[in-house]
Amino acid sequence: MIRSEILKEIAPILRDQLVVCNIGIPSQELHAIDDQPTNFYMLGTMGLASSIGLGLALAQPKTVIAIDGDGSVLTNLGTLPTIGNNAPSNYILMIIDNGSYGSTGDQPTYTGKKTDLAGMARAAGCDNVVVVQDVDTGKALQEAIDGGKATVMVVKCDSGNAKMPVITMDPVVIKHRFMEAVKA
């Protein structure tokens, strides 16, 4: 499975949660598959979906799912110890690990070689880290939500992007409707 197929599978689960989605093609895919006011699409700031999601989880009680990629997490490794030492029980970081920088042309990342993001998250202090194969993502995500504890999921999948339209919604509109969804 590629990332867009995983997003299609988990879209019904995401619909009731606050979601912060990685920049570029992942946000375009989620937007095209199931646009929701509870989805915050990153249109810039590579590597910060996990950090923004953490801040949101710390600031309010609803479950927050940050969807990030292996390339983005590798760009912002400081996020893992911050999560490991501060993540509240309503925070889930789902790292879609396709071994590539998907939004910039599928250049390989080091997770396709020797780098182990799950091991790095554990070493950074994240207590609940699960490695999931693509086909098991929905079940594992629901278990993480139901489990009610901070979770880092590393979802292993194939590299590749679906051809999706660019998000034309104004970033201010995305922010405003997301903030209203957080308050609801």
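Modeller: A residue is called buried when its relative accessible area is under 20%, exposed when it is over 50%, and partly exposed in between, with a 1.4 Å probe and protein chains only. The model is predicted, so local features need a pLDDT of at least 70 and side-chain atom pairs count only at pLDDT 80 or more, whereas totals for chains, interfaces and linings use all residues. Residues are numbered from 1 along each chain as its sequence is written, and side-chain values use heavy atoms, with hydrogens and water left out.

Colleague: Cysteines first, then. How many disulfides does the structure hold?

Modeller: The structure holds 0 disulfides, a disulfide being a pair of cysteine sulfur atoms within 2.5 Å.

Colleague: Changing topic: what is the order of the strands in the open sheet?

Modeller: The open sheet has 6 strands in the order E2-E1-E3-E4-E8-E7, with parallel pairing. E2 (39–41) and E7 are the edge strands, each pairing on one side only. From one strand to the next, the twist averages 20°. Two strands pair if DSSP finds at least two bridges between them. Helices (H or I, at least four residues) and strands (E, at least two) are DSSP runs, numbered from the N terminus.

Colleague: How many bridges join E1 to E3?

Modeller: E1 and E3 run parallel and are joined by 4 bridges. Cys21 has Ile67 in E3 as its bridge partner. Helix H3 packs on the sheet, where it touches E1, E3 and E4, and its direction makes about 170° with that of E3. For such angles, axes are lines fitted to C-alpha atoms, for helices over the stretch in contact, and the angles run from 0 to 180 degrees between N-to-C directions.

Colleague: Which residues of H3 are buried?

Modeller: In H3 (residues 49–59) the buried residues are Ala49, Ser50, Gly53, Leu54, Leu56 and Ala57. They cover an arc of only 165° around the axis, which puts them on the same side of H3. The arc is that of the directions from the helix axis to the C-beta atoms. Leu58 and Ala59, on the other side of H3, are exposed. The buried residues of H3 pack against E1 (18–21), E3, H5 (79–86), E4 and H8 (171–183); contact means heavy atoms within 4.5 Å.

Colleague: Let us move to E4. How many of its residues are buried?

Modeller: E4 is mostly covered, with 7 of its 7 residues buried. Tyr91, Leu93, Ile95 and Asp97 point one way, while Ile92, Met94 and Ile96 point the other way. In a regular strand the side chains alternate between the two faces of the sheet.

Colleague: Which bridge partners does it have? Start with Ile65.

Modeller: Ile65 is bridged to Ile92 of E4, and E3 and E4 pair in the parallel sense over 6 bridges. E4 and E8 also run parallel, joined by 6 bridges, and Leu93 has Val152 in E8 as its bridge partner.

Colleague: What does Met153 touch?

Modeller: Met153 lies in E8 and is buried, with a relative accessible area of 0%. Leaving out residues up to four places away in sequence, its contacts include Ile92, Leu93, Val130, Val132, Thr137 and Leu141.

Colleague: Where does H7 lie?

Modeller: H7 lies across E3, E4, E7 and E8, and runs at about 180° to E8. The buried residues of H7 (residues 137–147) are Thr137, Gly138, Ala140, Leu141, Ala144 and Ile145. These residues cover an arc of only 165° around the axis, which puts them on the same side of H7. The face turned away from that buried side carries the exposed residues Lys139 and Asp146. Among the elements covering the buried residues of H7 are H1 (3–14) and E3 (64–69). Just after H7, Gly148 takes a positive phi of about 65°.
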